[in-house]
Amino acid sequence: MAIIIRLDRVMADRKMSLNDLAKQAEMTNVNLSNLKTGKMKGVRFETMNKLCKILHCQPGDLFEFIEDDSEEVINKTR
Amino acid sequence: MKQDLTVLQKKIKGDTTFLLVSGIILVFVIGFYVTDIFQYSTMTDSAFTIQQVNTDTGMQNYLYINGEQQYPIDYNYYGRLNEEGSMEIRKLLISENIINTVRSLLMMIILFTLTKIFKDLKAKQSPFYHKNVKRLRMVALVSMLFAVLPPTIDFVFSLVIFNFAIFNATSLNFYIIFISVVIGMIAEVFNYGSVLQKDMDQIA
């Protein structure tokens with residue numbers, strides 16, 4: 001997939017742990033971890049709304065689109 | 001959505017209680033049948049007779065055990081004669097109780113499986129996952145056995161007791177066979193649902 005999840009960066013900037021964010025966003029740790037590691041196929045607007053509210057960020061801060069989704073580019077950006 | 005789920009959760013609790021009560025009743029029923037089986041096994045053939053009794057609705061055939069009147073009985077079934085020309089009421093009563101015990105056990109298996117499904121629902125788990133598909137398939141199979149097994153057992157017992165038996169297709173309960181097919185089809189719908197659920201679970 002060409003969409004890269006930058007949730008871990010935003011969480012680190014806000015100094016928020018996975019457990020805290022999961023608790024506040026009313027998500028399970030497993031789901032949030034899967035989202036963070038890019039294993040999810042999609043995100044609901046409701047979830048995105050909650051994450052942006054908690055992390056005081058924009059949706060664009062959480063997701064990044066890379067045109068060329070070759071492995072090399074994805075590894076470099078990570 | 002959360003309120004709807006809470007209402008459903010309460011309903012599931014009621015359904016689970018109903019299943020539990022039904023299960024307990026079935027346990028007692030099985031107990032009665034097994035007690036009768038052991039009791040009749042220890043008695044002699046001569047203790048069992050059929051007598052005609054004049055009732056308000058006309059002449060009826062009643063079962064007598066050790067001279068005590070029991071309940072009305074189907075003479076066409078229990079009055080059959082063996083090769084020596086005598087009735088086998090005791091053995092037929094035992095076979096009938098065995099068949100009823102098997103029926104009750106199959107019902108218990110269905111109730112137990114349904115309880116497991118409702119237990120998972122109560123734990124706020126989606127009903128559409130592979131375990132429930134397997135459970136529903138089991139319910140369909142056990143329902144099919146419920147229709148097919150009792151006439152088969154009856155056939156085998158008749159063969160053993162009378163050295164003669166006819167397997168009558170009309171003794172099969174086709175309604176239950178139809179229901180079991182329907183449940184099997186619903187299991188496949190749940191199978192499709194589980195694939196969709198798996199896909200949905202990959203959306204945060």
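In what order do the three strands of the open sheet in chain B come, and is the pairing parallel or antiparallel?

A: Let's begin with some ground rules. This is a predicted model, where local features need pLDDT of at least 70, side-chain atom pairs count only at pLDDT 80 or more, and totals for chains, interfaces and linings use all residues. Residues are numbered from 1 along each chain as its sequence is written, while chains are lettered from A and ligands numbered from 1 in the order in which they are written.

Now the sheet. The order is β1-β2-β3 in chain B, and the pairing is antiparallel. Strands here are DSSP runs of E with at least two residues, helices are runs of H or I with at least four, and both are numbered from the N terminus. Two strands pair if DSSP finds at least two bridges between them. The edges of this sheet belong to β1 (48–55) and β3 (68–72) of chain B; each has a single partner strand, so one side of each is left without a neighbour in the sheet. On average, neighbouring strands are turned by 40 degrees against each other, direction ignored.

Let's take the pairs one by one. β1(B) and β2(B) are joined by eight antiparallel bridges, and a hairpin of two residues links them. Across this pair, B:Gln51 stands opposite B:Tyr62 in β2(B).

Of the five residues of β3(B), zero are buried, so β3(B) lies largely in the open.

Staying in chain B, look at two helices. α3 (residues 89–122) of chain B packs against α4 (residues 130–162) of chain B at an angle of about 180 degrees, their axes 10 Å apart. Axes are lines fitted to C-alpha atoms, for helices over the stretch in contact, and angles run from 0 to 180 degrees between N-to-C directions. That makes α3(B) roughly antiparallel to α4(B) (angles over 145 degrees get that name). Their contact has 17 nonpolar, four polar and five charged residues. UniProt, in an unreviewed entry, places a "transmembrane region" at residues 12–34, 98–118, 139–166 and 172–190 of chain B. In the model, residues 12–34 of chain B are 100% helix, with end C-alpha atoms 33 Å apart, and residues 139–166 of chain B are 86% helix, with ends 29 Å apart.

Finally, hop over to chain A. Chain A has six helices and two strands, running β-α-α-α-α-α-β-α from the N terminus on. Buried residues make up 13% of its 78 residues. An unreviewed UniProt entry gives "domain: HTH cro/C1-type" for residues 7–62 of chain A; that span is 66% helix and 0% strand.

The largest nonpolar core has 11 residues, among them A:Leu7, A:Val10, A:Met11 and B:Ala204. Such a core is a set of buried Ala, Val, Leu, Ile, Met, Phe, Trp, Tyr and Cys residues joined through C-beta atoms within 7 Å. α1 (7–13) and α3 (29–36) of chain A each give two or more residues to this core, and α1(A) gives the most, with three. A:Val10 sits in helix α1 of chain A and counts as buried because it has 20 C-beta neighbours inside 10 Å.

Conventions
Angles under 35 degrees count as roughly parallel, over 145 as roughly antiparallel, 65 to 115 as roughly perpendicular and the rest as oblique. Ala, Val, Leu, Ile, Met, Phe, Trp, Tyr, Cys and Pro count as nonpolar, Asp, Glu, Lys and Arg as charged, and the others, Gly among them, as polar. UniProt positions are given in the numbering used here, feature names are shortened, and annotations may be inferred rather than shown by experiment. A residue is buried if 20 or more other C-beta atoms lie within 10 Å of its own, exposed if 12 or fewer, and partly exposed in between; C-beta atoms are placed from the backbone.
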